[in-house]
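Please consult the sequence and the structure shown here while reading.

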Amino acid sequence: MSETKLLHSVRVNKDKCIGCGKCMRACPTKAMRVRPQKASINYERCIDCGECLRVCPNDAIEPITTSSADINKFKYKVAIPSPVIHSQFGPQIMPNGILSALKEIGFDYVYDEALICEMQNMVIEEYLDKNKSPRPIISSTCPVVARLIQRLFPSLCNLILPIEPPFEIAAKILKKEISEKQNIPKEEIGIIEITPCAAKMVSISHPETLEKSHLDGAISIKDVYNKVMIILKKEEQSLMLQGQSPISGIGIGRAIAGGEIRGLKYHQSVSVSGVYDTIKILEGVESGKLHDIEYLECLICPDGCIGGPLTVENRFIAKSNILKLTRIYGNKKRVDSNRVKRLYKEDFFSFESGVKPKPFKPLDKDRILAIKKMNLKREIFEKLPKRDCGICGAPDCITFAEDVVQGKAKLEDCIFMKK
Amino acid sequence: MDSEVVFKQEFEINGGDFVNAGESASKLKNILKEIGIDTDIIRRLAIAAYEAEVNVVTYARHGIMRILIYPEKILLTVEDEGQGIKDIDLAMQPGYSTATDEIREMGFGAGLGLPNMKKNADIFNISSTVDKGTKLEITMNLNDKNVRD
């Protein structure tokens, strides 16, 4: 039971759900049904993209993040805010102010993930230089893209960049450094990402490429927003003067789509964002027609992480804020490239194991029966009105036909089939 | 042999329709995923089908792609009405192409289609008559290991 809970990023609050079906229609993998009156999630098909969360008008789809009780268990609490944080509090607030305010809300240490984003950009270039095939290499940054590939495009698993995303690298470095420098046992250090991402919690509790995540939890930008805003309003002037940490313009740029490929000067690269456009481009890769592309940045949220469902600021405003910061902080390198090369050689950034294919179950284990079921599904579909009204509780007529074949619905559940 | 066919579907391909080039291969791929064909077989067949489809669009007036699934194998045939191939051995050489500059500018006609199909197929057969058309047969063997749990 608790296993299922942890394994996925969202749950339906049945008290709040009014059964409108918006989530069901938005779901790219057809994991949701509204049957009989409330939405439910087939976790077997869920890829944690958060589309349902985004469209729910009643906040009935709830993200699962780390509770404050769980964070307080750690003696030494470290926050690593996603670079998206810098886009959330308006164009006047500078990064150092936000980092200091975060510390004040109850963390012992705040480390700007943007620095590691810049570092990871170098690692990508290094990987592409050292490995000439296969192509295109697909970014490993977005946890949902990896899940999407596992489920819908299993044959592309070997194209995923075998380098950990910035949040894992940041936590790995911090845990080691803090425990050594401050003499604190690793298990007493809690590293928490402040995240815009609905899938982050799952990638921490069930990492695909590590035995155990280096992070200890994630909380949403929404969760910290009010507290940080109150501090910023009160103490803005003094906070701005605090903190001398270097701010990475290159790293902050990773909050928006295209931030990952901006630095790839010598490699043909493409950036795609949004779940449907990502599916489309991956279909192209699967057909083998995109081998001219060397690096493919895919981010599930529209316009990249600033479009994450756990953010507060309008994503277009957020994008403008990020662009402003990248102009201010420029392209000046903040990370020592020799250190990156040395760590790269030690495999410090690498996956412990590759992303494994996990294709959706076919219509039947037995191939002959699966074909029969597919034919039956088509026959049923032909009889249906093809209006995709969703009243039966399935997102569209073709999915309803499949539910009928699999015994999960009856033909009479379709109001057009009743008489 | 035909009595053993457990699934059959045809797709029409229109010569010169670069807008929809790849649609049939894509539909075919989704069928194979739904019935649980092994990931690697789908990948190889989808690449071969895409190349074949693009060839019809590029060089022929019209074509039919057929998928026949038998208990032990998948047979993909692509038959077209078009200019045909004069020298098949030459056409099978990587990089050889008769494509016009215009077609190359669209990103097609690199001369890798036929060799790529052969590379991905378990069995590959091709026959052609100049000014009539070309017929391709791509076979993928299925073994029982390919039934997914």
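## Backbone features of chain A

P36(A) is situated in the loop that links strand 2 (32-34) and strand 3 (39-41) of chain A; helices (H or I, at least four residues) and strands (E, at least two) are DSSP runs, numbered from the N terminus. This is a predicted model, in which local features need pLDDT of at least 70 and side-chain atom pairs count only at pLDDT 80 or more, whereas totals for chains, interfaces and linings use all residues. Residues are numbered from 1 along each chain as its sequence is written, and chains are lettered from A and ligands numbered from 1 in the order in which they are written.

R35(A) and P36(A) are joined by a cis peptide bond with omega of about -5°. A cis peptide bond also joins S133(A) and P134(A), again with omega of about -5°, and P134(A) is found in the loop between helix 6 (113-130) and strand 7 of chain A. N183(A), a residue other than glycine, has a positive phi near 55°; its place is the loop between helix 8 (166-181) and strand 8 (189-195) of chain A. Most residues other than glycine have a negative phi, and most peptide bonds are trans.

Chain A also contains an open sheet of three strands in the order 7-11-10, with parallel pairing; two strands pair if DSSP finds at least two bridges between them. Its edge strands, each pairing on one side only, are strand 7 (137-138) and strand 10 (269-273) of chain A. Strand 10 of chain A pairs with strand 11 (residues 295-299) of chain A in the parallel sense over five bridges. Within strand 11 of chain A, L296(A) is the bridge partner of V270(A).

The mean pLDDT (the predictor's confidence in each residue, from 0 to 100) of chain B is 88, and 93% of its residues reach 70 or more. Two helix pairs are compared below; axes are lines fitted to C-alpha atoms, for helices over the stretch in contact, and angles run from 0 to 180 degrees between N-to-C directions.

| Helix pair of chain B | Axis separation | Angle |
|---|---|---|
| Helix 1 (residues 23-34) and helix 2 | 8 Å | about 160° |
| Helix 2 (residues 39-59) and helix 5 (residues 113-120) | within 9 Å | roughly 155° |

Helix 1 of chain B is therefore roughly antiparallel (over 145 degrees) to helix 2 of chain B. Their crossing is right-handed, the near helix being turned clockwise from the far one by less than a right angle, whereas anticlockwise counts as left-handed. By class, the contact of helix 1 with helix 2 of chain B has eight nonpolar, one polar and three charged residues; Ala, Val, Leu, Ile, Met, Phe, Trp, Tyr, Cys and Pro count as nonpolar, Asp, Glu, Lys and Arg as charged, and the others, Gly among them, as polar.

Helix 2 and helix 5 of chain B are likewise roughly antiparallel to each other, and their crossing is left-handed. The contact includes I47(B) and A48(B) of helix 2 of chain B and M117(B) of helix 5 of chain B.

## The interface

The model scores ipTM 0.81 and pTM 0.90. The contact between the chains takes 18 residues from chain A and 20 residues from chain B. Helix 15 (367-383) and helix 12 (275-286) of chain A each supply at least two residues of the side of chain A that touches chain B; the largest share, five residues, comes from helix 15 of chain A.

Methods
Parallel < 35°, antiparallel > 145°, perpendicular 65-115°, else oblique. Contact = placed C-beta atoms within 7 Å.
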